[in-house]
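Good morning. I have a few minutes on one structure, so please bring it up on your screens and follow along.

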Amino acid sequence: MATLDLQNISKSFGAAKVLQDISLAIQDKELVVFVGPSGCGKSTLLRIIAGLEEATTGQIVIDGADVSGAHPVDRGISMVFQSYALYPHLSVFENIAFPLRVQKMADAEMRKRVATAAEILQLTDKLPLKPGQLSGGQRQRVAIGRSIVRNPKVFLFDEPLSNLDAALRGDMRVELSQLHRELSATMVYVTHDQVEAMTMADRIVVLNKGKVEQFGPPMELYHHPATKFVAQFIGQPNMNLLSGTVKGVGPEGLAVEVTGGTVMTLPVEAGGTRAGDKVDVGIRPEDIGLGAGLRMNVNVLERLGGQSITYGLLADGARFCATLDGDAAVREGEAIDLTVDPADCHVFNANGDVLRRLKAPELTR
Amino acid sequence: MMDKYTRLQVVGIYAAIFVFLLFMLLPFIEMFMTSLRPLSHLFRSPYTFWGSDFTFEAYSKMWTTVPLLGRYIVNSVYIAGMVTAITMVLVVPAAYAYARLDFPFKSASLSVFLGVNMFTGAVLLIPLYRVLRTLGLLNTYWAMIVPGVAFLIPTGIWLLRSYLEKIPRELEEAAYVDGASRIYTLRRVVLPLAVPGLIVVGVSVFIGAYAQQFLFAITFNQERAYQPLPAGLFEFIGYQSVNWNEMMAAALVGVLPVMVIFLFLQKYLVAGLTAGAVKE
Ligand SMILES: Nc1ncnc2c1ncn2[C@@H]1O[C@H](COP(=O)(O)OP(=O)(O)OP(=O)(O)O)[C@@H](O)[C@H]1O
Ligand SMILES: [Mg+2]
């Protein structure tokens, strides 16, 4: 049982405001992922939760107790660092046992705990080796082993997979999700890789310039991005944005004129939007199909097998990307006609805030 | 294939190394040659590099000419060893603090250390003499150890600090998160990783202590039994003649134990102990 509440956390380094008024309620056994571009404050927030950094204002509450000034061990957290932070002069066994040695745990109990951790992480035959003799993935597992022997309430991970190659990263992602289920522990995971965020998270926190843009389950972020920033950050390839002008507001949604004079009726809540307002229409590449509508000159075609990703320019020079069938009859240098279901379109007002879609798919878990 | 240099460049490099080494080693060669020469040959002109009557006699005679010679050699090593030990005990925590902690006047005090380093001991001999007299340390081993330590601490801090700064901070943060105290982290994580750095600093402190003890010995110590070798060598200067050959022999023999230690330590200096700490 471990809940983690962040209450109005702000952090400044001198004049630089790195985090601004962050409040999050993370539930027991939840795996929450912090994503955001480089420098948005993910690591800083994680380090504040860990107790490695002190928040300028705000409280950290774990299981209902304010632990803001407490030592990491008393908070009941453990942390896995991006660089693994293994002790190179100690064996794998001693690395994993380090937190227990600090506690002066009895030898028998310590051996049992290390053995259990090593078994979960498939490191049993590596225990006598030094970290330098291990592969990247094995080192990462040792670092995780060191964090689980202490049975902490909350696990913190700072980009634990970013040093691994793509294939290994995929494997470790699955292993970590499995570990989360086995330990049924609360975890906070920092990454700048949106695939990791989408695949692993129960809920995702999207951070931008030290502020929370959105906090919700992956598919909610995908179908209902709260802001233009989230919309562009989640999803691969990035969402297309076309600038448009509102022509009319009705019960069916907004009539928006986009590039080339096309007027589409988009089923979204109007909010305070009025005719004449500038909006951005967001269209995910994967929601686009072949058919009359938008004309694009294909500059680059990437055939991935199952899909063909096309990049090109629309008539007015806007950059556009569409994900088509693997065998779609498209060629580089030629023009194609594309179409999109208005129900799949996202609309953002001039502030970058979303107008909620009315016909988005039901959220499934 | 990996050779970046052409044959001509290699020849040039070796020639340069040869000239450089010749400059460095020629005095030692001359010392050695002098130690083999009978006294009567020393001032013979023209200079002959090798003579048929060269002997190792000086190496046995020197022990009787200066009966305390063995003691002087031991004193030298003892004083330099004590200076090194005390300096290291003081330098390790100080360098760690400079590498990791934040405190007022940190960079200012570091600069002051560097500034102090620029004074040679000679400038401060008189004030030091008064300090040592007040403390009652004149004519003891401490008269040579204490100033030695004082003058070597700044270099030690500077050297070791830059080494400790290279140890990844995340290792210490990981230890902190796991509940280790600073002292525990220093002992179990930082110092083991700093061993090559500690040896480098230790060696340079030892060399420094060895080199500077002459000055402190002749000014702060009149006790013959405590004299280190450089001061003891004076005893080869007699009333009528100087036993140059024996003095050179004694100097060479005195340096020998130190040389042996350094040759032995060299292999530790090369070993990279930090491999695998973090992914580079
Ligand atoms: N100790 C510090 N002193 C001053 N500024 C800092 C310090 N630590 C972080 N910052 C600043 O805070 C901001 C956020 O840094 P942080 O490391 O949290 O980013 P991040 O989101 O983890 O980025 P990345 O994905 O690159 O790891 C950056 O602009 C950084 O320059
Ligand atoms: Mg970071």
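Let me start inside chain A, where five residues of domain 1 are in contact with four residues of domain 2. Please keep in mind that this is a predicted model. Domain 1 of chain A runs over 4-227, and domain 2 of chain A over 237-348. The centres of these two domains, taken over C-alpha atoms, are 38 Å apart.

How much area do domain 1 and domain 2 of chain A bury between them? The value is about 360 Å², with 53% of it on carbon and sulfur atoms. On the domain 1 side, Tyr222(A), Pro225(A) and Thr227(A) supply 88% of the area buried against domain 2 of chain A. As for salt bridges between domain 1 and domain 2 of chain A, the count is zero.

Next, the two chains. Here 30 residues of chain A are in contact with 22 residues of chain B. Chain A and chain B bury about 2300 Å² between them, and carbon and sulfur atoms give 61% of that area. Which residues of chain A lose the most area to chain B? They are Pro88(A), His89(A) and Phe98(A), and together they make up 23% of what the chain A side buries.

Between chain A and chain B, the count is four salt bridges. One salt bridge between the chains joins Arg47(A) to Glu173(B). The closest N and O atoms of Arg47(A) and Glu173(B) are 2.7 Å apart.

The largest pocket has a volume of about 430 Å³.

Which elements give two or more residues to the lining of the largest pocket? In chain B, they are α3 (69-100), α7 (169-177) and α8 (182-193). The largest share, four residues, comes from α7(B).

What classes of residue make up the lining of the largest pocket? Eight are charged, five are nonpolar and three are polar.

Notes
Residues numbered from 1 in each chain as written. Chains lettered and ligands numbered in written order. Predicted model: local features only at pLDDT ≥ 70, side-chain atom pairs only at ≥ 80, totals over all residues. Heavy atoms only, no water. 1 Å grid on protein atoms, 1.4 Å probe; cavity = no way out; pocket = protein on both sides within 12 Å on 5 of 7 lines; lining within 4 Å. Points joined across faces, edges and corners; volume = space filled by probe spheres on them. Nonpolar A, V, L, I, M, F, W, Y, C, P; charged D, E, K, R; others polar. Domains from an automatic or database assignment. Contact = heavy atoms within 4.5 Å. Buried area = accessible area lost by both parts, 1.4 Å probe. Salt bridge = Lys/Arg side-chain N within 4 Å of Asp/Glu carboxyl O.
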